[in-house]
Structure formats: C-alpha cells, structure tokens
Amino acid sequence: MTEVNHRCAVLGKPIAHSLSPVLHNAAYQALGLDDWAYDKHEVGEPDLEGFLESLDPTWAGLSLTMPLKKTIQPYGTPCNMWAKELMVVNTAVFDWNGTCVNGNPNLPAIKLYNTDVRGIELAFEHSYQARRTKPKTDRSGTAVIIGNGNTATSALAACVESPAIGHVIVVARHPEKNTALKPLAERYLPSERPITIVGMDHAVEALRHADMAVNTIPGLAADSIAEALETSNANMGGTLLDVVYDPRPTKLVQAWRQRGGTAIGGEEMLLYQAMVQVCLMTGIWNNDPPSGMINQDRTARLEQAMRIALEEAL
C-alpha cells in the first residue's frame, strides 16, 4: 500500500453527507497522485483552531463547508478575487514555509479561495456548450436568485461575471437580510437598476423573465415555488441551476423543465467547484482557472473521472 504523503479533507458540521471525498479521491487517481488522500472531519466553529493546530506538513489543503466559510478567515489570506470581495471562502491551501497571518507559531501560512463562484460559472458554461448555445453578451439579460444567504452571495457574483446579465432579481423569504447583495450588484453591474429584491410571492413572475436562475435555498424549501410554477401558465426560456442535488431531480428542476426551460442539478456546481479545489491544492493552478478550462485536455480527463465517481455515488 502506497504511503500517504499529501493529505486533504473537507471540514464542517454536519459532514457525514459530504461527497467531497468521492470527488477528490477520484481526481487523485486520474492524476496519478498515488500518495494523496482526502477525508472528511466533523469540525464546528469552536473546534477549528484546535484542528488546524493538530495538522502536520503532510497536509496540503482543506475544503470548508458550513459553518466554517467565514470562521476560517482570521487564519488565512484571501487569494482570489471573490474570496477578497465576498469574505466567504470554501478552500484553504497550506504553505508550510510561511507563518499564519494571525501570528500563531503552530500554524502555517494559509491561502484562502472561493471556488463556489467559479463552480457556478462553469456549471452554466458546460450547459451552454453541451447545447451549443451562446448566451447574450450585451448585458441585456436578467438573472434571478432564489434565496439571500451565503450561497446567494456567490450566485450573485457568478451572475455579475456573466456578460449576459445586466439586472438581478433576488427572491427571498426575508428580503431585509444579507444587506451585502445590493451594493455588490451596484458595484459590478453597469445598469441604472442593477438589482431588485422581492418576496417569495413574486417568484413565478420574476422567474418568467430569467435568462439565468439559481436556486440557493436548501432542502425542500423551493417546493412551494415548484408547485406555483406547475399551476401557472408561465413559460421558462432560461437556464436554471438548483444547487440542491438531493433529491435528484428536485421538484423545482422538474417543474422548470415542464415549463420549457433548461435545468441543471446541483451536482454540476459540486463537481466544478471541487475540480477547481483539486487544481489549487495540488498546484496545477495558483489562482482562479483560466477561461475555457473545461476544454483543456488535462482538465477534461479530470472532469470525466470526477463525474463518473459522482454519478456512481449519487
């Protein structure tokens, strides 16, 4: 049995459901990294520093899920655009030649990244390429985001990155929460009315106008929107990404397709954000992936291996 010299893991609480080990270990196998291994550990906010102090130089990186995406911030340096802008990260890469920014001598330097934004972008990009569809490039389109939590912030970032989008509608159960969304849209969208925030009772009307849509609310919370779509006469002409992948397909995905739209399951975002994490942790890239990454031979082979492993796990 090959000795493990490079370790990575996903941390969070709860964590038993995570499919990250399936994806990352499939990637290591595809890359021929026989001495790399990836695991999962249940770690809450009070336990994070102790866990970090328990690591040794065999550790290369961590994936962070809830509730640690902000808790990790004092221990590292944001190193890509959206990690700096959003202050929400899901990836930590260790540099054992450096010292932690908070001065703890027992911790290495830690580089922090947000790969959720790129994961959303690549999920849409893959869908467009598979359908041989070219989205708009004149900022005349509308994006609709369901929810206004941390994932909605990453979804908004992905939407403002798209040259198709000039206006974003956020549909939220509590519109007054997450006050960072409005200034973020105003900063990056060059339109007079970059963002509108409405209540859930306006969901169907908002989605009717969507070129892109992202559902970010967990569990079965979007089922009521699915039911409203099913009983409406609305036609969905845009592309929906539902970040939920259990159950698969969700009721919202089914309703969207019934109304004529294209829907992407949350496993696509899961796959692509993990691909970017693998490339950062293993040193294939030192920052965000280049444009067109899913057309490159090496990452195409990596994607195929991870996709097969994910499908088998689901």
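**Backbone notes**

I began with M87 and found this residue in the loop between α3 (81–86) and β5 (91–95), where helices are DSSP runs of H or I with at least four residues and strands are runs of E with at least two, numbered from the N terminus. I note that the model is predicted, that local features need pLDDT of at least 70, that side-chain atom pairs count only at pLDDT 80 or more, and that totals for chains, interfaces and linings use all residues. Residues are numbered from 1 along each chain as its sequence is written, and side-chain values use heavy atoms, with hydrogens and water left out.

I then looked up the phi of M87, which is near 55°, a positive value in a residue other than glycine. M87 counts as partly exposed because its relative accessibility is 40%, the term covering what lies between buried (under 20% relative accessible area) and exposed (over 50%), with a 1.4 Å probe and protein chains only.

Next I turned to R139, which sits in the loop between α4 (116–130) and β7 (141–146). R139 is not a glycine, yet I read a positive phi of about 60° for it. With a relative accessibility of 29%, R139 counts as partly exposed.

Last I checked the cis peptide bonds. Which residue does a cis peptide bond join to D246? I found P247, with omega at about 5°, and P247 belongs to the loop between β11 (239–242) and α9 (251–258). I also noted a cis peptide bond between R248 and P249, where omega is about -5°, and I placed P249 in the loop between β11 and α9.
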